[in-house]
Amino acid sequence: MSERRATIADVARRAGVSPSTASLAFSGKGTVSDATRERVLDAAAALGYAGPDPRAASLRTGRSGIVGVVLEEHLRVAFLDPVKTAIMDGLTEGIAPLGAGILLLRDHEGQPGLESAPLDAAVLIGCSGRLEASLSVVRRRGIPVVVIDGDAGEGIPRITLDNREATRQIASHLRSLEHTNVAIVTLPLQADRQRGPVGDDAEITIEVTRERLRGARDVYPDAPAVAAAGSFIDEGVLAGRLLLADPESRPTAIIAQSDLLAAGVIRAAEELGLAVPRELSVVGFDGITVDGLAPYELATMVQPAAQIGRIAGEAVVRMLEGSDAPSVRFSCVFREGNTTAVAPAEAPLPVN
């Protein structure tokens with residue numbers, strides 16, 4: 001038979017104070033003399049008391065103290081993305097008033113976590129076809145939910161970017177530099193993350209990809225596009241090689257839907273001996289710091305990723321307090337950098 005867990009009442013008796021005084025002394029939140037606090041802490045140490053039983057707190061408040069964050073990709077992949085890590089930093093800050101922890105869940109078929117995990121609320125990052133299943137689970141459980149970078153339908157707070165308008169600004173910048181032959185490297189089209197050319201009839205279920213592609217094609221309606229399998233430099237290299245392979249049809253500018261993809265495109269151009277930006281202009285999206293990109297400062301749209309996460313966290317707090325949480329759409333700011341220039345008079349040729 002296991003030994004009974006010490007309680008705050010046991011600590012109080014040993015320290016010779018009331019349970020309420022012991023609780024205040026242990027938590028550090030009340031006005032208690034230093035001598036009393038020291039006596040209570042000594043008693044707690046002697047009894048092996050580490051703090052209130054979280055199970056009891058859960059029963060009292062009706063809450064678990066956990067906010068679930070649901071991601072589509074493997075966690076090891078998600079946290080290679082600086083944008084996702086910035087969002088998570090902001091989210092942690094936003095839910096701080098709850099004193100809650102974060103439980104990371106990956107959404108995929110057959111995963112029981114979202115069905116059974118003791119969650120007070122959930123944050124879905126993206127809302128493609130795959131995450132819609134998660135949304136139905138959360139709704140069935142009656143858990144408050146906030147969506148970042150996706151559309152969960154009526155009544156669900158959304159924290160989003162003006163992806164279409166931001167990419168339209170990127171494309172307009174290239175148009176002002178007289179580029180007419182422009183190509184696009186997109187983020188994944190669907191949850192299965194297949195790479196390759198994007199046909200006119202391609203089904204795009206990931207909203208960020210779809211909206212950024214629309215923004216580019218508002219200015220360049222016939223621009224060819226290649227889908228990457230993720231926001232990684234290596235994926236940008238592969239897409240860049242494909243778009244730059246034929247000197248006869250090679251674009252003079254490439255719009256990449258993330259800065260990591262843009263960095264990969266620049267590497268592919270360097271492999272071919274193309275000078276950036278004199279022979280090829282490259283624009284990204286995110287505004288992150290890409291290690292090893294010097295001497296380039298990427299032309300990009302800077303998004304407030306940490307602020308997006310913080311606002312999502314604050315929305316969770318409001319909903320758990322019984323208030324409504326509005327949807328919020330953020331704007332991006334264009335950073336010109338040094339990776340774009342006036343279009344060359346003729347299609348660039350590789351340097352031998």
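Residues 24 or more positions apart account for 72% of the protein chain's contacts (heavy atoms within 4.5 Å) with a separation of 6 or more. The model is predicted: local features need pLDDT of at least 70, side-chain atom pairs count only at pLDDT 80 or more, and totals for chains, interfaces and linings use all residues. Residues are numbered from 1 along each chain as its sequence is written, and side-chain values use heavy atoms, without hydrogens and water.

The chain holds 13 helices and 13 strands. These are DSSP runs (helices H or I, at least four residues; strands E, at least two), numbered from the N terminus. Of its 352 residues, 50% are buried, meaning under 20% relative accessible area with a 1.4 Å probe, protein chains only.

**Helix 12**

Helix 12 covers residues 259-271. Because 10 of the 13 residues are buried, helix 12 is largely enclosed by the rest of the structure. Among the buried residues are Leu260, Leu261, Val265 and Ile266.

Just after helix 12, Gly273 takes a positive phi of about 80 degrees.

**Helices 1 and 3**

The axes of helix 1 (residues 8-15) and helix 3 (residues 34-47) come within 8 Å and cross at roughly 120 degrees. The contact involves Asp10, Val11, Arg14 and Ala15 of helix 1, with residues of helix 3 including Arg39, Val40 and Leu47.

Definitions and conventions: Expected span 1.5 Å × (residues − 1). Axes fitted to C-alpha atoms, helices over the stretch in contact; angles between N-to-C directions.
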